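Please look over the sequence and the model shown here before reading on. The report after it is meant to be read with both in view.

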Amino acid sequence: MDPVRLTVATPSRTYPIILGNGTLASLTRWLDEAGTPARRFVVSNALVWRLHGERLTSVGLRNPILVPDGERFKNTQSVSRVYDALIKANADRASTVITFGGGVLGDLAGFAAASYLRGVPLVHIPTTLLAQVDSSIGGKVGVNHPLGKNLIGAFHQPHAVVIDLAVLNTLPRREFRAGLYEVIKYGVTSSPGLFDRIVRDRTAIFAKKPEVLLPIVAESCQIKADIVAADERESGLRRILNFGHTAGHALEAVTRYRRYRHGEAVAYGMLVAAELSVRRGALAKTDRHALADLISALGPLPPIGDVSIGQIVDAMKHDKKMVAGRLHYVLPKAIGGTTIVDDVTEKEMKQALRTVGFRR
Ligand SMILES: NC(=O)c1ccc[n+]([C@@H]2O[C@H](COP(=O)([O-])OP(=O)(O)OC[C@H]3O[C@@H](n4cnc5c(N)ncnc54)[C@H](O)[C@@H]3O)[C@@H](O)[C@H]2O)c1
Ligand SMILES: [Zn+2]
């Protein structure tokens, strides 16, 4: 199967996404074609390297810089470890940083690449579904601060993104689902066809059949690429990607990033947004049902019944999406379209949270 090539054309850089099953076998070619400097430093974690490192050593990329695995290590200390290794190896501006892992690894090693020597070339090789369809595209890199998620960061577009579906074979089912919720997000914001394909092909998707999964990952990447091309720094259009993320981020924060995978919290966030929209008469009930049905058909979500509405509303007040004191909220208008509003009242929000199942 020939790889699919997509292009991300942003004001700061135009770069390819190479996507297929087995693409890593030709990694050297993609790196050369993207014009990345030949001194290449891989950053990964022990788990991903143990499972898939052979795919890189077989094309001559050895001795990775390893950082600890997990969202709690997505911090400036881990970035420092990457700097230490780069400095010891005399990495210079004619060096490439290659990230090999999920979204946590890509964000933190990408931030190291953005800041080391004021920025060195970066290539992402995302290994979770979420990283393949979302975090590796668009140039947002960064780490958490003890007082909040993703508070330290930069925009640093990669020179290339190389996606190999083969690495997903080892991804736990729960992580796979977490990525699928972000694919559903793209369906709701931008593509009814994508949404319908997930409904129809669910079983084949979970079986990770490349002929079914490839078009789904490709369309997701294309949607994200188009959006970041139009609005690299999130001043307008890119905000629609926050659909499901306002209540989602609040839910992650109040449960201290422990109970839910990011995508799971987004799944709840999408349900909250759909409920708000139905209450405003902006979304048909049948569309809200279609969304709820698809989310529940994918499998169980960790429960929310003990999370209080008040906590969620408080957490939203600290949201980065606040602009001049108003929360910009992405509401679905249909499967395949959204609108951004800034007048959601606390009362409306509490009612929607109640309907979705949060505790009074
Ligand atoms: N930069 C962006 O635009 C953007 C967008 C969305 C999310 N994010 C960030 O992405 C992060 C979440 O990323 P994630 O969901 O990929 O989680 P993750 O990076 O924590 O990966 C989940 C787990 O799966 C492991 N793993 C990775 N690849 C694997 C494989 N092929 N087989 C088996 N296990 C594998 C990881 O090591 C980790 O233990 C969050 O920090 C979020 O803020 C960033
Ligand atoms: Zn997300």
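## The chain as a whole

This is a predicted model, and its protein chain has 13 helices and 13 strands. Along the principal axes, the C-alpha atoms of the protein chain fill a box of roughly 55 × 40 × 35 Å. A compact globule with 360 residues would have a radius of gyration near 21 Å, and because the protein chain has 20 Å, its value agrees with that expectation.

Of the 360 residues in the protein chain, 49% are buried. When contacts with a separation of 6 or more are considered, 70% of them are accounted for by residues 24 or more positions apart.

The protein chain is divided into domain 1, which covers residues 4-171, and domain 2, which covers residues 174-356. The C-alpha centres of domain 1 and domain 2 lie 26 Å apart, and 27 residues of domain 1 are in contact with 24 residues of domain 2.

On the side of domain 1 that touches domain 2, the elements giving two or more residues are β1 (4-9), β2 (14-20) and α5. The largest share of this side, five residues, comes from α5. Sorted by class, the side of domain 1 that touches domain 2 has 16 nonpolar, nine polar and two charged residues.

Which residues come nearest to ligand 1? There are 29 residues around ligand 1, and of these G102, G103, V104, T128 and S135 come nearest. The elements that give two or more residues to this shell are α2 (46-57), α4 (103-115), α5 (129-135) and α6 (173-190).

By class, the shell around ligand 1 has eleven nonpolar, eleven polar and seven charged residues. Domain 1 and domain 2 both give residues to the shell, and therefore ligand 1 lies between them.

## A pair of strands

Strand β7, residues 140-145, and strand β8, residues 148-155, run antiparallel and are joined by five bridges.

Methods. Residues numbered from 1 in each chain as written. Chains lettered and ligands numbered in written order. Predicted model: local features only at pLDDT ≥ 70, side-chain atom pairs only at ≥ 80, totals over all residues. Helix = DSSP H or I, 4+ residues; strand = E, 2+ residues; numbered from the N terminus. Rg over C-alpha atoms; globule rule 2.2 N^0.38 Å. Buried ≥ 20, exposed ≤ 12 C-beta atoms within 10 Å, placed from the backbone. Contact = placed C-beta atoms within 7 Å. Near = placed C-beta within 6 Å. Nonpolar A, V, L, I, M, F, W, Y, C, P; charged D, E, K, R; others polar. Domains from an automatic or database assignment. Pairing = 2+ DSSP bridges.
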